[in-house]
Amino acid sequence: LQNAKRSPKTSLLDQQAEEIHLLEMERRRVHNDIQERKGNVRVFCRVWTVLPEELERQRGLQHLHFFPQDPKTLVLTRPNESHMGRELRYSFIFDQVFPPGASQQEIFQEIQLLVQSALDGFPVCILTYGQTGSGKTFTMEGLESLGTPECRTMIPGALQHLFQSTHDLAGKGWQYRFSASFLEIYNDSLRDLLLEKGQHQPDLDIRNVSPGSDELPVPNLTWVPVETDKEVLELLLRADSQRSVAQTGLGDRSSCSHCVFQLRIQGEQMAWNERCTSYLTLVDLAGLERLEKSGSVGNRLRKAQCINSSLSALGLVISALRNKEQHIPYRNSKLTFLLQNCLGGNAK
């Protein structure tokens, strides 16, 4: 057999390809190190402007105080009825405070680097939490402004960033496959939001899946392969039209369920036998309701109590994660059980 010699040109190309690969892996390591230093659990606070119908009753936002030099602090004040002329002050510290007037784009810029972590193989979960009518769905989906790129946030912005980034990574030998699912947790049961009209709703349950496993946590749930952000936005519109809503004393169209969007990301670098699988999970939580204000009664009252109970369970899980406790109470609700691999471990 005659041994073929490798040309200097081929050797140089191989060397350059190896350098590109090593630089990409180093970028991932540094990026993850930066994200972990910022904290794997972060809490942002967004304050909306007062609606016109609230102006007379609320007289603006004089009770809230923002500090441009300290964008992590929000102070709430109210008169102390027992001491004339004195105010009670309550100081809250977040990872970031967005005052009224903050744009959708500003919100997304803060979480954009977390979206990159999902491409790098780390599970990422972003949740919007707040009272009914506080703007969670608009922050997450921005549906009223899908045609306006500067107003897109969370789901639309994340998708746009992901699919643009895959084109860049393709030049480094990485190929990606995506599939999407939408489900809601309604009255402590799971509902598939991507079924076609007339399709029978299957029995959905959550199974325990080890972190990093390729197993799907909800068997029989619809997963749709997608290649563009436009395809996912069309699925989003379909899911949104099937979500459970109701009228309460706090809103004409209050969400009665937790809506969970998951994008399954599978990346492969054939030349170096590198593979990664992760989930980008974006959750529009049901609105927290003060029962005396919502006016809910009967069956609707039981649903509101179920929502509040699951949100309390989520709060306990977040607190336990942030305090690095040994036991994390994921099984206290279906919401936290479903999200356990998106919240714990090396998840963001």
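Reply: Strand β12, residues 257-269, is mostly covered, with twelve of its 13 residues buried. Buried means under 20% relative accessible area, exposed means over 50%, and partly exposed lies in between (1.4 Å probe, protein chains only). Strands are DSSP runs of E, at least two residues long, and helices are runs of H or I of at least four; both are numbered from the N terminus.

This is a predicted model: local features need pLDDT of at least 70, side-chain atom pairs count only at pLDDT 80 or more, and totals for chains, interfaces and linings use all residues. Residues are numbered from 1 along each chain as its sequence is written, and side-chain values use heavy atoms, leaving out hydrogens and water.

Now the partners. Two strands pair if DSSP finds at least two bridges between them. Strand β7 (residues 174-186) runs antiparallel to β12, and 13 bridges join them. Within this pairing, E184 has C259 of β12 as its bridge partner.

Strand β13 (residues 274-284) is also antiparallel to β12, through eleven bridges. Here F261 stands opposite L282 of β13. In a regular strand, side chains alternate between the two faces of the sheet.

Last, the turn. The hairpin of β12 and β13 has four residues between the strands. Among the residues of this hairpin, N273 takes a positive phi near 55°.

In short, β12 is joined to β7 by 13 bridges and to β13 by eleven.
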